[in-house]
Amino acid sequence: MRIESIFLFILLQYPRHLNAAACRETPMDLVFVLDGSGSIRDENWELIKSWVKLVAENYDLGGLTQIGIVQFSHWFPNESAQPYLKTEIQLGKLKTEAQFKEAVDEILIHGFTTYTAHAINKTVNDDFMRSDRFYDASVKKVIILFTDGRSYDRNDLPLSAKYARSNGITIFAVGAGGYVMEELQIIANGQVNNNERVITVSNFTRLNSTVDILKQGICAIQGNVDINSQFLLRQLRCVSSI
Ligand SMILES: [Mg+2]
């Protein structure tokens with residue numbers, strides 16, 4: 001390698017390392033919203049859990065990052081109890097990587113239907129809004145939603161995704177197996193044919209290839225979303241785009 005190219009290499013790499021360190025230190029509430037539908041076989045559920053643990057390794061649970069997990073499958077109409085839209089790990093509850101990984105290992109798959117929109121609503125209301133940092137503008141709010149197929153409540157997806165966005169939450173939609181691209185696009189950014197924050201893999205065994213993409217994508221989110229001042233604007237923007 002010539003001297004000039006080494007210099008260029010360092011120039012290109014150095015800021016990225018600085019950013020990576022800075023991102024690890026960024027205050028963030030991150031919730032994995034995991035499809036626990038019956039189409040995901042046991043061995044694939046294990047791959048999903050390994051992937052979640054790898055993504056989590058990029059953050060400091062004892063520091064400024066809180067990570068939670070919601071598993072979803074079935075939603076019962078007209079019921080207040082929804083055992084299959086379930087908070088498996090509460091945001092901020094586990095303060096070490098070891099505790100987090102142990103808790104992830106213990107999560108058993110539900111194995112029913114796929115109420116993705118209801119899962120998003122539940123995550124905003126029960127998980128993010130109950131975080132004592134929800135109104136702290138300096139805290140990034142992020143959902144990593146994983147699904148392997150078509151949702152039963154797909155007509156509700158546009159509004160649910162808007163609801164999350166209007167509360168300052170950025171969603172990454174990750175699909176494997178029989179995912180529906182249009183649904184992932186609606187979930188991640190609200191627009192069909194827009195792949196921003198949409199990540200797909202053909203096979204569950206390739207999930208780990210998304211870890212660095214997620215890390216960089218999360219790092220690139222502009223912080224300081226002030227819900228208090230932007231909420232009205234965001235609501236208006238939602239209405240005008242219908
Ligand atoms: Mg499924």
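**Helices and sheet**

Visitor: Which residues of helix α6 (residues 181–189) are buried?
Guide: The model is predicted: local features need pLDDT of at least 70 and side-chain atom pairs 80 or more, while totals for chains, interfaces and linings use all residues. Numbering starts from 1 along each chain as its sequence is written. Buried in α6 (20 or more other C-beta atoms within 10 Å; exposed is 12 or fewer, partly exposed in between, C-beta placed from the backbone) are Glu-183, Leu-184, Gln-185, Ile-186, Ile-187 and Ala-188.

Visitor: Which residue just after α6 takes a positive phi?
Guide: Follow α6 across β4, β5 and β6. Just past α6, a phi of about 85° belongs to Gly-190.

Visitor: Which are the edge strands of the sheet?
Guide: This open sheet has 6 strands in the order β3-β2-β1-β4-β5-β6, with mixed pairing (at least two DSSP bridges between two strands). Pairing on one side only marks the edges, β3 (85–89) and β6.

Visitor: What is the bridge partner of Leu-34 in β2?
Guide: Strands β1 (residues 28–35) and β2 (residues 65–72) pair in the parallel sense over 8 bridges. Within β2, Leu-34 is bridged to Gln-71.

Visitor: How far apart are the axes of α2 and α3?
Guide: The helix α2 (residues 42–56) packs against α3 (residues 97–105) at about 165°. The two helices are therefore roughly antiparallel (over 145 degrees). Their axes lie apart by 10 Å.

Note on methods
Helices (H or I, at least four residues) and strands (E, at least two) are DSSP runs, numbered from the N terminus. Two residues are in contact if their C-beta atoms, placed from the backbone, lie within 7 Å. Axes are lines fitted to C-alpha atoms, for helices over the stretch in contact, and angles run from 0 to 180 degrees between N-to-C directions. Angles under 35 degrees count as roughly parallel, over 145 as roughly antiparallel, 65 to 115 as roughly perpendicular and the rest as oblique.
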